[in-house]
Amino acid sequence: MNISKRLQRTAALAAVVAVSIGLAACGSDDDSGSDDTAASAATDAAAPDSSDAATEAPADGEAISVGFVAVGPEGAWRAANEANVQETFSEENGFDLKYAPATNLDQKSQIDAFTSFVDEGVDVILLSATEGAGWEDSLARAQEAEIPVILIDRGIDPDDSSLYVTRIAPDNFGVSKSVAEWAVTALPDGGKYFVLEGPAGVSVVNERNDGWNSVIDSHPEIEKVGAQTANWSAEEGKSVMETVLKANDNDIQVVFAQNDEMGLGAALAVEEAGLVPGEDVKIATIDGTKGAIEALAAGQLSFVAEYNPLFGDTALDVVRKTLAGEAVDSYIIVPSGTFDSPEAAQEALPTRQF
Ligand code: AHR
């Protein structure tokens with residue numbers, strides 16, 4: 001590949017990374033068919049017909065008050081998910097949504113927001129936990145106040161489903177398993193890999209490790225060099241990967257990045273080490289945001305497993321059913337696909353919504 005072409009690719013990659021860093025920074029002062037996972041009690045989220053569900057304003061005309069204990073700025077996926085929830089629980093749809101993003105991902109700010117929603121007596125609480133542990137007391141208080149709690153994306157640890165109505169999320173175990181299955185095909189003669197993880201203590205990180213290991217553990221020819229958190233960030237993904245490549249004389253064949261931003265950062269580090277992402281080092285990510293699909297189309301990433309963030313309608317359907325006293329499953333899986341080639345990425349780009 002001639003220098004100018006590589007410079008073009010690097011420039012394009014840097015642009016994508018810059019956007020994702022921008023998304024992460026602003027405001028910071030802020031399955032395909034699962035198997036023996038928590039998803040066993042799960043059902044696939046059939047897209048609710050939001051048209052009639054949405055426009056059904058409360059009989060008494062009073063808006064349904066929803067407290068959304070959210071994560072806040074944390075990258076492209078989070079921005080898409082939280083915007084979709086806010087757009088869905090709109091005034092037109094009969095809701096009064098109170099959006100409470102965490103301050104710098106700090107759990108205490110989330111627990112404080114949760115407590116004020118309980119004290120205020122909102123009708124429903126939506127919770128995306130920045131950390132899995134430490135929610136028992138808050139959830140018990142909501143239960144005492146008969147305020148249903150719906151988990152958005154993130155789980156709690158320990159996972160006591162008697163403390164909440166349902167969790168709505170793609171199947172982290174299944175999505176991650178699909179990445180591992182791709183890695184097995186990408187390394188027919190074996191090879192070495194490194195994992196860029198999300199922050200410790202976040203439920204999806206453990207679930208994604210379990211999904212990956214459920215396949216890779218039976219492939220001794222695929223060797224783990226190590227794993228390290230890069231906090232969902234492109235910057236940290238780049239700096240961690242720079243260190244790992246140096247420490248291993250560039251002898252890494254696959255990088256499993258638990259989200260797009262970390263993978264995009266890793267691709268920059270691979271380029272700056274004089275290697276070619278997609279050839280010398282193959283990088284796989286989870287999320288499927290536009291920046292990653294563009295990088296896959298350009299050959300910088302090699303595999304992208306979608307983690308569909310657009311499940312506002314599913315949450316709305318659950319809220320309606322719950323307030324109507326209807327039972328729902330304790331885990332509702334949001335269907336998500338995979339992209340394993342530049343062609344597949346090219347095809348998806350024109351209609352990509354996130
Ligand atoms: O919980 C989902 C994860 O959180 C996404 O994969 C990541 O991008 C986000 O920040």
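Visitor: In β8, which residue is the bridge partner of Val 195?

Guide: The model is predicted. Strand β7 (residues 191-197) and β8 pair in the parallel sense over seven bridges. In β8, the residue bridged to Val 195 is Ala 227.

Visitor: Which are the edge strands of the open sheet?

Guide: Six strands form this open sheet, with mixed pairing, in the order β8-β7-β9-β10-β11-β13. An edge strand here pairs on one side only, and this applies to β8 (222-229) and β13 (338-339).

Visitor: What angle does the direction of helix α9 make with that of β10?

Guide: Helix α9 (residues 260-272) packs on the sheet and touches β7, β9 (254-257), β10 (282-287) and β11 (303-306). Between the direction of α9 and that of β10 the angle is about 160°.

Visitor: Is Asp 287 buried or exposed?

Guide: Asp 287 lies in strand β10. Its phi is positive, about 140°, although Asp 287 is not a glycine. Most residues other than glycine have a negative phi. The relative accessibility of Asp 287 is 5%, and the cut-off for burial is under 20%, so Asp 287 counts as buried.

Visitor: How does Asn 104 count by relative accessibility: buried, partly exposed or exposed?

Guide: Asn 104 sits in the loop between β3 (95-101) and α4 (107-120). Asn 104 also has a positive phi, about 50°, without being a glycine. Its relative accessibility is 44%, so Asn 104 counts as partly exposed.

Visitor: Which residues of strand β6 are buried?

Guide: Strand β6 (residues 166-169) pairs in the parallel sense with β5 (residues 149-152) over three bridges, and Ile 152 stands opposite Ile 168. Three bridges also join β6 to strand β12 (residues 331-333), again in parallel, with Tyr 331 as the partner of Arg 167. Both faces of β6 are covered: the buried residues are Thr 166 and Ile 168 on one side, Arg 167 and Ala 169 on the other.

Visitor: What is the omega of the cis peptide bond that joins Asp 157 and Pro 158?

Guide: Pro 158 is located in the loop between β5 and β6. Most peptide bonds are trans. The bond joining Asp 157 and Pro 158 is cis, with an omega of about -5°.

Visitor: Why is α3 oblique to α11?

Guide: The axes of helix α3 (residues 76-88) and helix α11 (residues 312-323) come within 8 Å. The contact involves Asn 84, Val 85 and Thr 88 of α3, with Gly 312, Asp 313 and Leu 316 of α11. These residues divide into two nonpolar, three polar and one charged. The pair counts as oblique because the axes cross at roughly 45°.

Note on methods. Residues numbered from 1 in each chain as written. Predicted model: local features only at pLDDT ≥ 70, side-chain atom pairs only at ≥ 80, totals over all residues. Heavy atoms only, no water. Axes fitted to C-alpha atoms, helices over the stretch in contact; angles between N-to-C directions. Helix = DSSP H or I, 4+ residues; strand = E, 2+ residues; numbered from the N terminus. Parallel < 35°, antiparallel > 145°, perpendicular 65-115°, else oblique. Contact = heavy atoms within 4.5 Å. Nonpolar A, V, L, I, M, F, W, Y, C, P; charged D, E, K, R; others polar. Buried < 20%, exposed > 50% of the residue type's maximum accessible area, 1.4 Å probe, protein only. Pairing = 2+ DSSP bridges.
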